[in-house]
Amino acid sequence: MASKYIAPQQGIRSFTCPHCNTVSQMQFDRHQFHEDFQGNGEYVHVSNVLTIARCQTCGKKIIWNDDDYIYPEIVASEPNSDMPDSVKTLYNEAALIYNKSPRAACALLRLAVERLCNELGETGKIDTMIGSLVKKGLPVIVQKALDAVRVIGNKAVHPGQIAFDVDDKSTAEMLMKLLNIITERLITEPKEIDGIFDALPQSVKDSIEKRDSKC
C-alpha cells in the first residue's frame, strides 16, 4: 500500500512534498506585501502574505498566497499498485484535480468506488455492494468510514443508505483512502497470503489438503 500521505499545510513542520513526493521537513519564510490604490473615489489598502515552504529533501518551493495554495499542483497519494487499471485510471485523474476541483474529483472517485466493487464481482447499488464485500472480509469499519463521507457537512440521508452528497477536498481525500483500503484488504492481502502458501513445500501443502478433506 502507498506510504502515508500528509497534505501540504502552512505551519506544520513536515508534509508530503508535491515535488519529490516524500514526507519531508519544511523551512518556512513569509513575506508581506502592501499596496494602496484608488478605487471608486477612495484609497484602498491591500495586504497580502506570501508563504514559501522549502523542502529539505529536494530543495524546491511550495507557495501560498494568504490562505490559498498556489504552487505547485498538488497530487494526492499514489493508488495501491494492485488496484485494477479501470479503477486506477479514475483514481489518478481525480488525484490530479482534487485540489482545484473537488466536485469533479469526487464525481470520479464515486465512480471509482463503484467500479472497484464491480471488479470484485459485485453489482447493484453501492450500499448493497459494500455490504456484500463486508461479508467477504472487508472490515465493518469501512462502512463507518463510508457513513462519515455520507454525513460530512451535516448532509445526512436516510439511515442505511450511503449517498455521497458532498463535494469538498475532505470527501475526495476520504474516498481515495477508502479505495486504497478496499484494494489492500480484498486484493493485496489475499495475493500475499496465496504467495506465502504457494512457497510452502509440496509435502506440507499435501498434508494441509488432507487435513482439510477430513473436516
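Begin with the largest nonpolar core of this predicted model. Select its 39 residues, and then highlight Ile62, Leu109 and Leu179, which touch the most other members. Next, colour the elements that each supply at least two residues of this core: strand E3 (42-55), strand E4 (61-65), helix H1 (85-97), helix H2 (102-119), helix H3 (126-135) and helix H5 (169-198). Which of these gives the core its largest share? That element is H2, with eight residues. As general background, nonpolar side chains tend to be buried together in soluble globular proteins.

Now select Leu109 by itself. Leaving aside residues up to four places away in sequence, display the residues that Leu109 touches: Tyr91, Ala94, Ala172, Leu175, Met176 and Leu179.

The axes of the two helices come within 9 Å and cross at roughly 20°. An angle under 35 degrees counts as roughly parallel, and H2 and H5 are therefore described in that way. The crossing in which H2 passes H5 is left-handed. To see the contact, select Pro102, Ala105, Cys106, Leu109, Arg110, Ala112, Val113 and Leu116 on H2. On H5, select Lys169, Thr171, Ala172, Leu175, Met176, Leu179, Ile182, Thr183 and Ile187.

The tour now turns to the loops. Go to Pro72, in the loop between strand E5 (68-71) and H1. Where Tyr71 joins Pro72, the peptide bond is cis, with omega at about -15°.

Next, select Asn21, in the loop between strand E1 (14-16) and strand E2 (23-39). Asn21 is not a glycine, yet its phi is positive, at about 60°.

Finish at Asp66, in the loop between E4 and E5. Asp66 also has a positive phi, about 55°, although it is not a glycine. The relative accessible area of Asp66 is 29%, and this residue is partly exposed.

Methods. Residues numbered from 1 in each chain as written. Predicted model: local features only at pLDDT ≥ 70, side-chain atom pairs only at ≥ 80, totals over all residues. Heavy atoms only, no water. Core = buried A, V, L, I, M, F, W, Y, C linked by side-chain atoms within 4.5 Å. Buried < 20%, exposed > 50% of the residue type's maximum accessible area, 1.4 Å probe, protein only. Helix = DSSP H or I, 4+ residues; strand = E, 2+ residues; numbered from the N terminus. Contact = heavy atoms within 4.5 Å. Axes fitted to C-alpha atoms, helices over the stretch in contact; angles between N-to-C directions. Parallel < 35°, antiparallel > 145°, perpendicular 65-115°, else oblique. Left-handed = near helix turned anticlockwise from the far one by under 90°.
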